[in-house]
Structure formats: structure tokens, C-alpha cells
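Here are my notes from going through this one. They cover the pockets, a helix pair and a sheet, in that order.

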Amino acid sequence: MLRKRQVHLDFHTSELLPVGNNFSKEQFQKALKAGHVNSITVFSKCHHGWSYHPTEANEMHPTLEFDLLGAQLEACKEIDVNAPVYISAGFDEKEFRKRPEWRWCPSPDKDELEEYNKEVHFHALCFNSGYLDFLCKQIEEVMVKYNPCGIFLDIIASRVCYCDKCVSDMKTMGLDIENAEDRESFAQLVLNKYLEKTNEAVRKHSATATIFHNSGHVPKGEYRYIDRNTHLELESLPTGGWGYDHFPLSAAYVRTVKDKDYLGMTGKFHHSWGEFGGYKHPNALIYETALSVANGAGCSIGDQMHPLSELNTATYNLIGKAYSLIEEKEPWLDGAVNVADIAVLSAEATIKNRDTKADIGANRMLLENHFLYNFIDETADLSKYKLLVLPDVSGYSPEMTEKIKTFARNGGKIIATGESIVKDGKFILDFGAEYEGKNEFNPTYFIPEFDTVNGKTEYVMRCDFNKFTSTEGEIVAYMQNPYFNRTLEHFCSHAHAPNNPTENFHGAVINKNIAYIGWDIFTAYANHGHLCFKELLTYIIKKMLGDETTVFATLPDRAVLTYTTQEKENRNILHLLFAHTTVRGKNTEVIEDTVPLYNIKCSVKCDKEPSSVRLVPSGENLDFTFVDSRAEFTVPEVNIHQMVEIN
């Protein structure tokens with residue numbers, strides 16, 4: 001099992017700076033203890049290309065005069081702190097300068113390539129070159145000399161490359177460098193070779209060392225990558241542009257991947273990686289680490305050590321304010337599995353497109369409405385879920401199409417949107433409706449047949465619509481077109497033409513266990529965030545699930561709710577989280593003040609009456625009632641994070 005209180009220690013240090021002058025084993029250990037840290041990623045080689053230990057496979061940093069890696073490993077071992085070793089794999093600035101034949105070439109255009117090579121940033125090396133052997137020797141040297149508990153390899157990606165060797169090898173294999181599919185296929189072959197050789201370099205010398213290849217994103221449904229890792233680390237720095245809803249989406253997928261422990265990786269930085277002198281407010285780290293454990297992950301907090309090699313006291317005091325709380329909560333975290341009522345078949349896993357808007361929108365809607373959900377790929381067992389959501393996109397394999405049909409035939413509830421159930425101009429499911437093709441107007445208008453916060457009126461839908469006619473079931477919304485699409489020849493007002501009320505079309509329908517929404521509401525919600533998109537989905541989910549929903553709670557939309565089970569301890573844990581976020585500067589979302597929530601009413605579906613309901617880790621018992629298989633209770637206060645144990 002991964003330890004839950006990790007620091008990811010960056011150390012990317014120019015040869016122009018002094019290294020190691022202030023390192024002290026005692027100070028290093030004191031900082032880790034202050035931070036309540038029980039695992040820290042220390043470094044063999046950085047993005048600049050230098051090693052921080054004596055080496056025959058590389059070059060030691062020119063200003064370092066002792067074995068800094070060995071000293072850190074020794075310090076960690078003495079205080080029982082795990083210490084996986086970091087090796088930069090994708091970047092190596094030193095070798096980029098020395099060995100032009102090893103360079104990654106992102107463009108066939110010489111001027112563009114020259115411009116890229118001169119930019120002030122780290123440059124990638126091509127794994128389809130002698131660089132891969134050079135890298136593997138460095139990995140083996142670390143394994144033989146230090147026998148670390150794990151290896152962390154950074155920055156990994158499938159990169160299309162126009163270097164002479166890649167172009168030549170593609171030609172030899174009968175692949176066309178001018179063909180996009182051929183380029184992507186070859187890039188994947190190169191990545192697979194990298195994964196195979198680097199894993200072999202570790203496994204030659206250890207059967208137990210952890211291995212993680214960091215690409216900043218775990219690609220949904222891509223097991224060629226996932227299976228090469230012993231565990232997963234989900235890089236998600238909210239203030240670095242990811243935002244606070246990014247991690248829940250990643251975790252909602254990764255926790256469905258069998259036999260993979262995982263960490264949520266944030267940072268102590270105000271902005272993002274590489275920032276010296278940047279600090280979050282302690283309340284931000286308390287919330288971010290709580291968000292990790294509530295989603296079934298351990299925690300990893302990014303730091304960067306000063307070149308003089310002394311851990312910053314303020315940083316580890318800051319980390320300690322979060323990790324001291326995680327340490328208290330660990331008895332209710334170990335072995336906990338997240339419960340989900342709803343499965344979302346990932347659009348990314350379906351169309352192989354990273355950061356797909358349909359997934360982002362679906363995650364935000366479900367998160368804000370406090371439903372329990374997982375994101376899944378085509379390998380998932382659908383029978384575990386009460387409801388399957390198919391968001392916006394089509395392109396399932398024949399096997400997945402049959403799984404969806406079987407789930408529906410067996411009474412499984414399905415909500416489909418946009419083109420998700422359209423194939424060859426027809427619906428793949430029989431729910432009493434005929435598909436009529438893509439609507440020619442965008443935007444269109446949504447007219448609800450249920451009460452919304454602003455009443456039954458016309459709501460603009462800035463997204464595509466798929467026309468259909470339903471002969472069965474309940475029509476829950478109608479669609480109206482605008483008078484015309486906006487063009488140079490005919491437009492109206494500042495944005496779009498008004499609705500044309502002379503003709504209504506079917507917009508959304510529920511027929512028994514299947515609901516269909518013609519709009520791409522998830523993509524639209526990610527792009528525009530209109531409340532009406534979420535109101536439509538929420539109405540349909542509540543109509544279809546009703547009292548089958550595992551947990552209800554009176555939380556605001558920015559709050560987070562998860563529910564886990566600890567089978568061995570025969571108990572469930574309700575996690576309630578809330579933090580007030582604001583945007584500082586251009587786009588930095590931060591947490592500063594705590595805003596407690598009071599008297600949160602909760603209702604939890606239980607197989608039998610609980611023996612107790614109590615706040616943990618404080619142990620305070622809560623009064624509860626048990627009616628119609630639901631435990632009802634009130635949580636007096638949520639101050640960032642509150643756990644409720646249901647025995």
C-alpha cells in the first residue's frame with residue numbers, strides 16, 4: 001500500500017548555481033518530521049541533465065562535491081520515510097546541447113524547429129535514439145548502487161518526431177510521415193519501446209520497486225500505459241491552471257482501475273512547478289489533501305528544494321498543517337473504496353482525445369449535484385451501477401455496444417445525450433424514438449416541461465442538437481430553433497436570433513429505463529456553464545433514481561460529497577467538503593478563508609439500521625433516525641472537511 005503523506009521534491013538546478021553547500025541530515029529530517037511526511041521523492045537526475053551523486057553513466061552536477069542522493073536516502077531510512085528516486089527521462093538539457101542527433105524534432109519545418117530549439121525552456125529528447133540506452137544505464141546505475149524502493153520517471157509522452165532516424169525508421173516500416181495516423185502509430189511504438197526498456201532496467205535489479213512514468217495525465221482506457229505503472233500519481237495543481245474540479249474527474253476514473261493504488265499530486269506553490277518563494281494558504285493544502293483522500297487517493301505535495309539543498313522550514317510547517325490532519329484520519333482511509341451509483345462512459349476513452357469537454361462537463365454537473373459517480377472505460381462491469389451516462393460522443397466498439405444493449409435489456413437505467421447512441425444514422429437502443437439527423441441550427445432553445453429555477457421559458461442552448469421524434473414515454477423538454485443562423489447576410493442583435501415559437505420539436509424524453517437528450521449538454525456545460533443544462537440532467541437523474549440514490553445532503557454546489565466503504569472494519573464513511581474559492585490575478589483559483597457550513601442534513605441508504613453514526617476522528621456520536629432503509633442525521637458543522645462514520 002502506498003503511503004498517504006508524500007512530498008514530490010523537485011530539484012532542477014542549473015550548472016551555474018552552487019549545489020549542496022547547506023545540506024544537513026539533521027535539518028532534512030527535522031523538516032520532514034515537521035511536515036508529518038512519510039514518503040518523499042528524492043532525485044538522481046534533473047531536467048537540466050545533471051546527476052546528484054557520483055556517476056559513471058552520466059555527469060555529476062559540476063558544483064556538487066558529495067553524494068547528495070545517498071545522503072538524502074540515508075536520512076530518510078533513519079526516520080522510516082520512504083524515498084523513491086526521481087529521474088528525468090523526457091528532458092535532458094545538457095544532452096540536448098551536446099547531442100543534436102538525440103533531439104526530439106516537433107516539426108519538419110527547419111525555421112519552426114530552429115525557433116523551438118532556441119526557446120528558453122527544457123527541451124525533449126527522442127526515445128527512438130541512442131538517448132534511450134543512455135537513460136537506461138542511468139536507471140540501472142541507481143538501482144545497483146542505491147536499491148531504492150521506487151523509481152519515478154518524468155516527463156513521458158507519445159511524441160510525433162521528425163528527426164532523421166524517426167523518418168528513416170518509418171520509411172523502412174512502410175509508414176508515411178505525411179500521414180497523421182502513421183505518425184501517431186509510430187510515436188506509440190516508440191513510447192512502448194521506452195516503457196519496455198525502462199521497466200526492464202528496474203526489474204533486472206528489483207522485483208518490488210515501484211515504477212511510475214509521469215505524463216501529467218492518466219489516459220482513460222489506455223492500458224498499454226496504465227499497466228506499465230505499479231501505481232498512479234494524478235498530477236493536478238489547482239492553482240496551476242487545472243482548477244479545483246480537475247482532480248475529482250481524474251480520480252473518478254482511476255479508482256475504477258483494478259489493483260492500482262494512486263496518489264493525488266498537488267503543490268505547495270502559489271502557482272505551479274518550479275516556483276521558488278511561492279506558498280499556498282494552509283487552508284488550501286488542508287482542502288486539497290482532504291479532497292484526495294475523500295476520492296480514494298493518497299496525497300503528494302510538490303516542493304522544490306533550493307540549490308543550497310536546505311529544505312525550507314516554512315514549507316514543511318505549511319505541509320505539516322495539512323498532513324497532521326491526514327495522519328489522524330488514516331484509520332478511516334486505509335482500504336476504503338468509493339461507492340458509486342452512476343457510471344459515466346468516458347468520452348476520452350471512447351474517442352481517444354485527451355481532456356474531452358464532454359467528460360469535463362459531466363464531471364462538473366455530477367460533482368456540483370453531489371451524486372456518487374465513477375468514470376469508466378469499455379472494460380468496466382456495468383452491472384455494479386444503478387445508472388449509466390453516455391455523454392455526447394459516439395464511436396463505441398461492437399463489444400461495448402452489445403454491453404450497453406445488454407445493460408438496458410436487463411433493466412439498467414441509461415441517460416444518453418447527443419450522438420452517443422447514434423450509429424449509421426440510427427439509435428442503437430430501442431426506446432420508442434426515431435433519429436432524424438443533426439439539426440441545422442445552432443444555438444437552439446430548450447423549453448422545459450418541468451419547473452426550473454427561472455420557470456418554464458425558453459433557454460438558449462449553445463451547442464449542437466440531434467433531432468428525433470419520440471412515440472413513447474414522457475417528453476420532459478422541447479426544442480425550438482432560432483429564426484435563422486447568424487451570418488453576414490442575416491443576423492439579429494448582438495449574439496443570436498431569438499427563438500421561433502411556431503414549431504416545437506422533441507428535446508428530451510424518458511421512456512421506462514432509458515432517457516435521451518438531443519443536446520450535447522455536457523460539452524456545452526464545460527464551455528458555457530448555463531444552469532439550464534444542469535437542471536435538465538438533474539431532473540432526469542432524480543426522476544430515474546429517486547430513493548435509490550445512496551446519499552442526499554443539503555450542501556451548496558461548491559461542496560463535495562463522497563462515500564466510501566471499509567469492508568474489513570464493517571463501516572462506511574461519508575466525506576463532506578467545502579472551501580470558498582476565489583480567482584486572483586488572471587486565472588489563479590485560490591483558497592484562503594474558511595467558510596464553515598452548519599447543520600447539514602444527510603440521508604444515507606443502508607442495508608440495515610446502523611449501530612452508530614459518529615463524527616471522526618473526534619468520535620462525537622450523532623443522533624439519527626432509521627426509516628425506509630435510510631439513516632437520517634444532521635452534521636452540525638463542516639469546516640473544510642468532515643468525515644462521518646456509519647457503523
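**Notes on the predicted model**

1. Starting with the second largest pocket: its lining residues split into 6 nonpolar, 5 polar and 6 charged. Keep in mind throughout that this is a predicted model.

2. That second largest pocket holds about 510 Å³ of space. It is lined by 17 residues, and the ones closest to its centre are Ser158, Gln188, Pro219, Glu222 and Arg354. On the secondary-structure side, α7 (180-203) and α8 (223-226) each put at least two residues into the lining.

3. Now for the largest pocket, which has a volume of about 1,300 Å³. There are 50 residues in its lining, with Val337, Asn338, Val339, Thr564 and Thr565 the closest to the centre. By class, the lining of the largest pocket comes out as 19 nonpolar, 15 polar and 16 charged residues.

4. Which elements give two or more residues to the lining of the largest pocket? They are β7 (262-267), β9 (337-338), β24 (560-566) and β25 (571-577). The largest share comes from β24, with 4 residues.

5. On to the helices. α13 (residues 357-368) packs with α15 (residues 521-528) at an angle of about 80°, and their axes are 7 Å apart. With 65 to 115 degrees counting as roughly perpendicular, α13 is therefore roughly perpendicular to α15.

6. If you want to look at that contact in your viewer, α13 brings Lys357, Ala358, Ile360, Gly361, Ala362, Arg364, Met365 and Glu368. From α15 come Ile521, Phe522, Thr523, Tyr525, Ala526 and Asn527. Sorted by class, the contact of α13 with α15 has 8 nonpolar, 3 polar and 3 charged residues.

7. Last, a sheet. It is an open one of 4 strands, ordered β23-β28-β31-β30, with antiparallel pairing. The edges are taken by β23 (551-553) and β30 (624-627); each has a single partner strand, so one side of each is left without a neighbour in the sheet. From one strand to the next, the twist averages 20°.

8. How many bridges join β28 to β31? There are 8 between β28 (residues 597-605) and β31 (residues 630-638), and the two strands run antiparallel.

Key
Residues numbered from 1 in each chain as written. Predicted model: local features only at pLDDT ≥ 70, side-chain atom pairs only at ≥ 80, totals over all residues. Heavy atoms only, no water. Axes fitted to C-alpha atoms, helices over the stretch in contact; angles between N-to-C directions. Parallel < 35°, antiparallel > 145°, perpendicular 65-115°, else oblique. Contact = heavy atoms within 4.5 Å. Nonpolar A, V, L, I, M, F, W, Y, C, P; charged D, E, K, R; others polar. 1 Å grid on protein atoms, 1.4 Å probe; cavity = no way out; pocket = protein on both sides within 12 Å on 5 of 7 lines; lining within 4 Å. Points joined across faces, edges and corners; volume = space filled by probe spheres on them. Pairing = 2+ DSSP bridges.
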